[in-house]
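Here are some friendly notes to read alongside the model. Please keep the viewer open as you go through the points.

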Amino acid sequence: MIVLTTLSDKFLTVNNLMNIARQSTVNALLALGMLLPILTAGIDLSVGSILAISIMSMGLVSVTMGMHPILGILVCLLVGAGFGLLNGVLLTKLRLPHPFISTLGTMNIARGLALIITGAAPIAGFPFLIQYFGSEYVGPIPVSFVVVIIFYCLFHVFLTRSQTGRYIYAIGGNKEAARLSGINVDRVLIIVYTLSGLMAGLAGLMMVGRVNSAFPLAGSGYELDAIAAVIIGGASFFGGVGTVWGTLVGVFIIAVLRNGLNLLNVSADFQMAVIGIVIIAAVFVDVLRQRKSKSS
């Protein structure tokens, strides 16, 4: 941030910082959901596609059918949670070898359905209540960022104070040991992936509120940004290590890098390379941490 502040006088302004907070909302909610599978040594590749099917379903209900926007919001969240539940059931009941397989499958199913149910056409003109979450402010702070802070606080309490939260860390540390100690691993994993899907639906709601339209290809590649934020924020790919607030720091590192590089008129291709270097560095640090832990 010091370098970016030195290179651009626009970087450290209130307007720009609020812009960073608003633009990072979608990734912040996706990363929050992604944190849970990674804590269990899993992954969720489907969050971008779940976001798409959630917002297209909301568009069908609240715009195409003209129903009450609250019903549209509920459909958006329920579709997200439903696909997350499907991920959890596929992983635990079909005994697929790794969540990479199950979530890769649902990633394609959700994206395909998002294209099919709307004929690949975008939906625009959402009611004000839905736009409110992405376009309005509480004082100088975007409403969407207030929503982010509320959910990060809720997830922090969930992971650090609830029994299920402690089980999530235990499963990530050693799944078989957790199972032998009496933890219902399948039930916890289903909860984990359902919450991940729910966060994807909520992220979609914030996205539609900001741009007032829904696209069936929305969210493409967003799962990679979410994974990057979680890892940069200090979570371990090997499971059992990671925090909610570290994830938020990871989200802002990516957002600040992108914003600063935009202000410096750096090309999008070069930005991808920079983000890639940061991800590799974060994973390398995680690997070194794991080696040190095993050797000690």
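Helices (H or I, at least four residues) and strands (E, at least two) are DSSP runs, numbered from the N terminus. Please bear in mind that this is a predicted model.

1. Let me start with the loops. Alanine 120 sits in the loop between helix 6 (99-116) and strand 1 (123-124). Its phi is positive, about 65°, although alanine 120 is not a glycine. Most residues other than glycine have a negative phi, which makes this spot worth a look. With a relative accessible area of 46%, alanine 120 is partly exposed.

2. Just after helix 5, arginine 95 takes a positive phi of about 55°. Just after helix 11, asparagine 212 takes a positive phi of about 55°, although asparagine 212 is not a glycine. Asparagine 212 belongs to the loop between helix 11 and strand 4 (213-214), and at 24% relative accessibility it counts as partly exposed.

3. How far apart are the end C-alpha atoms of helix 5? They are 35 Å apart, which agrees with the 36 Å that the 25 residues of helix 5 (residues 69-93) should span at 1.5 Å a residue. Helix 11 has 27 residues and reaches 39 Å from its first C-alpha to its last, close to the 39 Å expected at 1.5 Å a residue. Helix 11 is also mostly covered, as 21 of its 27 residues are buried.

4. Serine 24 is a loop residue of another kind. It lies between helix 2 (14-23) and helix 3. Is serine 24 buried or exposed? Serine 24 has a relative accessible area of 4%, so it is buried, the cut-off for buried being under 20%. Leaving aside its neighbours within four places in sequence, serine 24 is in contact with Val251, Phe252 and Ala255.

5. On to the aromatic rings. A search of the whole structure finds five aromatic pairs. One of them joins phenylalanine 128 and tyrosine 132, edge-to-face, at 6.1 Å centre to centre with 65° between the planes. Because they are four residues apart in helix 7 (residues 128-135), phenylalanine 128 and tyrosine 132 are separated by about one helical turn. Phenylalanine 128 is exposed, with a relative accessible area of 52%, whereas tyrosine 132 counts as partly exposed at 32% relative accessibility. Phenylalanine 155 and phenylalanine 158 form an edge-to-face pair at 6.4 Å centre to centre, with 65° between the planes.

6. Which helices supply at least two residues each to the lining of the largest pocket? They are helix 3 (25-39), helix 11 (185-211), helix 12 (222-232), helix 13 (244-263) and helix 14 (268-295). Helix 13 gives the most to this lining, with six residues. By class, the lining of the largest pocket has ten nonpolar, seven polar and three charged residues.

Definitions and conventions:
Residues are numbered from 1 along each chain as its sequence is written. This is a predicted model: local features need pLDDT of at least 70, side-chain atom pairs count only at pLDDT 80 or more; totals for chains, interfaces and linings use all residues. Side-chain values use heavy atoms; hydrogens and water are left out. Rings of Phe, Tyr and Trp (its six-membered ring) pair if their centres lie within 6.5 Å; planes under 30 degrees apart count as stacked, over 60 as edge-to-face and the rest as tilted. Buried means under 20% relative accessible area, exposed over 50%, partly exposed in between (1.4 Å probe, protein chains only). Ala, Val, Leu, Ile, Met, Phe, Trp, Tyr, Cys and Pro count as nonpolar, Asp, Glu, Lys and Arg as charged, and the others, Gly among them, as polar. The expected span of a helix is 1.5 Å times one less than its number of residues. Contact means heavy atoms within 4.5 Å.
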